[in-house]
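Dear colleague,

Please find the structure below, handed over for your use.

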Amino acid sequence: MLKFVGKLQRMSVGQRMYARSLSNVPLFINGEFRESKAKSFIDVHNPATQELVTRVPEATQEEMAEAVAAAKEAFKVWGSTSVSVRQRVMLKLQQLIRDNEEELAKSIVSENGKTFADAKGDVFRGLEVVESAANLAPAMMGETMDSLSDGVDTYSLRQPLGVCAGICPFNFPAMIPLWMFPIAVTCGNTYVMKPSEKTPGATMLLAKLAKEAGLPDGVLNIIHGGVDCVNFICDDPDIKAISFVGANTAGEHIHARGTSQGKRVQSNMGAKNHGTIMPDAEKDSVLNALTGAAFGAAGQRCMALSTAIFVGESQDWISELKGKAEQLTVGEGMTEGTDVGPLITRESKQRVEGLIQSAIDEGAEVLLDGRNVKVDGYLEGNFVGPTIIDNVTPDMKCYQEEIFGPVLLCMRADSMQEAINITNNNPYGNGCAVFTQSGAAARKYVHEIDAGQVGVNLPIPVPLPMFSFTGSRKSFVGATNFYGKSGVNFYTQVKTVTSNWKVDANSSVSATMPILK
C-alpha cells in the first residue's frame with residue numbers, strides 16, 4: 001500500500017509571516033522593491049492546502065519599460081567593471097545562499113509543493129552555478145596570435161551583450177534563475193528576470209541576497225506577469241538575449257518572436273526521458289533508481305525519467321517496481337518523511353489523471369494507480385500518487401505527450417538497438433539513461449542515442465556547471481546552451497582585433513584585397 005502523511009503541522013509562524021508580507025509580490029527595479037501599480041493579479045496557492053500564499057501583479061507596460069531602462073543605464077558602468085569585482089559579488093552571493101538555504105527552501109515548498117529535502121536540492125543545484133560564476137574569468141578569455149604578418153597581430157575579446165532577460169518555469173524556483181542571471185551578470189551584462197507567476201518567492205529572495213552581496217542597483221531587475229510580460233521581453237529593442245526554460249508552446253513562441261526581433265534566444269523545453277534497462281544490469285540498483293527518478297518532485301522535472309524500456313529478460317523485473325513505489329510516502333512537503341508532494345495546480349492534477357485514463361482506454365495495463373489518493377488533513381491538495389503503466393506502445397497518448405506527473409511508463413524491447421530506435425523516434429531529446437554492466441553496450445548507447453544528457457547507470461544525468469546543460473530535437477531550440485562554456489558563449493559576443501604597427505614608408509594606394517605575408 002502507498003503511504004500517505006497527514007497534516008501533522010500547518011504553516012509555521014515564519015511561513016505565515018512570509019505569506020502576509022508578500023500578500024502582493026513586489027517588483028524589483030533599480031535596486032528597490034516596490035509595489036506594482038498593476039490592475040490585475042495572479043493568485044498563488046499552496047498546492048497541498050489551496051491556501052493563498054501571495055498575489056503576483058501583472059506589471060504595467062510602464063513598469064516593465066522602467067526595469068529595462070534601469071538595466072540599460074546600469075550596463076554603462078557594470079559592463080566595464082573589472083571581472084574580478086564581478087566574481088567577488090558572486091563569491092559573496094554563494095555564501096549568502098548557503099546561509100539562507102532553509103528560507104529559500106521553505107518558500108519553494110509553500111508555492112511549488114515539493115518536499116523540503118527536494119527544495120533544498122533545488123537551491124543547491126543552483127548554488128553550484130553561482131560557485132562556478134565566482135571563477136568564470138578563464139571561460140571568458142579570448143585568443144591571441146602575434147606576427148600573423150610582419151608587424152601584424154590578431155586577438156579576440158569576449159564582451160557582454162548588454163541587457164539580457166530570463167523567463168523561468170515553476171518547477172525549479174531557485175535553480176533555473178540561478179542558471180541564468182549569475183552567468184549573465186558575471187559576463188558583464190545586466191538582467192531583467194521574469195519568474196514563474198506560480199512560484200515567484202525564491203526569485204525575490206535571491207534578488208534580496210544579490211543586493212546584499214553587492215550587486216549594483218539596476219544590474220538585476222524583476223518583473224512579473226503572464227503572456228503580456230513575455231511578449232514585452234521578446235519585443236523590447238534594448239533586450240539583446242533571452243533565456244527560457246519551460247513548455248514547448250511557450251518556448252517555441254519565445255524563440256520565434258525573439259529571434260524575429262534580432263535577439264539571441266536559448267530555449268530548453270519539453271522532455272520524454274527514456275531509460276533503457278539491459279538484462280545484465282544490477283536489478284535492485286536499477287529499480288531503486290527508476291523509482292526515485294520517476295516519482296521524485298511528483299514527476300515535475302524536465303529530467304524526470306518517465307519512460308523505462310526493459311530489454312529481454314529484464315522485463316521480468318517490471319512487476320517488482322510496484323513494491324518499490326509503494327514504499328514512497330505521499331504528503332505535504334514540510335511534513336517529515338514525505339517523498340512525493342502535490343502537483344502544482346488542480347488543472348495539472350486533472351491533466352495527469354486524464355492521461356492515466358487514456359492509457360487504460362488504449363489498452364495499457366496500470367500496475368499501480370495513484371489517482372484519487374487522499375492525504376489526511378490535506379484533502380484539497382493536488383495529490384497524485386506514484387503510478388506505473390505497463391505495456392505502453394509509441395502510438396498511445398500517454399507516451400506521445402509529456403505527462404509531468406508521478407507516472408512511469410514501461411515499454412518492452414527485444415534488443416538494445418530496438419530500445420535506441422524507440423528513444424530516438426520520440427520527438428524529445430532532453431535526457432536519457434542506460435543501465436548495464438557492459439562497457440561495449442554502454443558505448444554503443446552513448447554514441448547512437450540522440451539526447452542532450454546521457455546517463456550510464458545514472459538516472460538523472462544533470463551536468464555540473466563546468467559542463468553545459470544541453471538538449472536535442474524538440475527539447476531545445478536556440479543559439480547555445482545553459483551555463484558552462486556554452487553559457488558564457490551565449491552571454492558574450494566575440495570581437496576580433498587585427499593591428500598593424502609596422503610603418504611602411506614605401507606604401508602606395510591599392511584597391512586590391514589585402515593579403516598578409
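The lining of the second largest pocket consists of 30 residues, and those nearest its centre are Asp-118, Phe-172, Ala-297, Arg-301 and Ile-460. A pocket here is an open set of points on a 1 Å grid over the protein atoms alone, where a 1.4 Å probe fits, with protein on both sides within 12 Å along at least five of seven lines; lining residues have an atom within 4 Å of a point. Two or more lining residues come from each of H5, helix H7 (175–186) and helix H11 (283–295), and H5 gives the most, with four residues. Helices are DSSP runs (H or I, at least four residues) and strands likewise (E, at least two), numbered from the N terminus.

Please note that this is a predicted model, in which local features need pLDDT of at least 70 and side-chain atom pairs count only at pLDDT 80 or more, while totals for chains, interfaces and linings use all residues. Residues are numbered from 1 along each chain as its sequence is written, and side-chain values use heavy atoms, with hydrogens and water left out.

The second largest pocket has a volume of about 410 Å³, a volume being the space filled by probe spheres set on the grid points, which are joined across faces, edges and corners. The largest pocket holds about 970 Å³ of space. Its lining has 37 residues, with Phe-170, Lys-198, Gly-246, Ala-247 and Ala-250 nearest the centre. The elements that give two or more residues to this lining are helix H9 (227–235), strand E11 (239–245), helix H10 (248–260) and helix H13 (346–361). H10 supplies the largest share, five residues.

Is Ser-132 buried or exposed? Ser-132 is buried, at a relative accessible area of 18%; buried means under 20%, exposed over 50% and partly exposed in between, with a 1.4 Å probe and protein chains only. Leaving aside residues up to four places away in sequence, Ser-132 touches Ile-183 and Pro-465, where contact means heavy atoms within 4.5 Å. Pro-182 is 50 residues from Ser-132 in sequence, and their C-alpha atoms are 9.1 Å apart in space.

Finally, helix H15 (residues 416–425) has the buried residues Met-416, Ala-419, Ile-420, Ile-422 and Thr-423. Seen down the axis of H15, these fall within an arc of 160 degrees, so they line one face of the helix. The arc is taken from the directions from the helix axis to the C-beta atoms.

With kind regards
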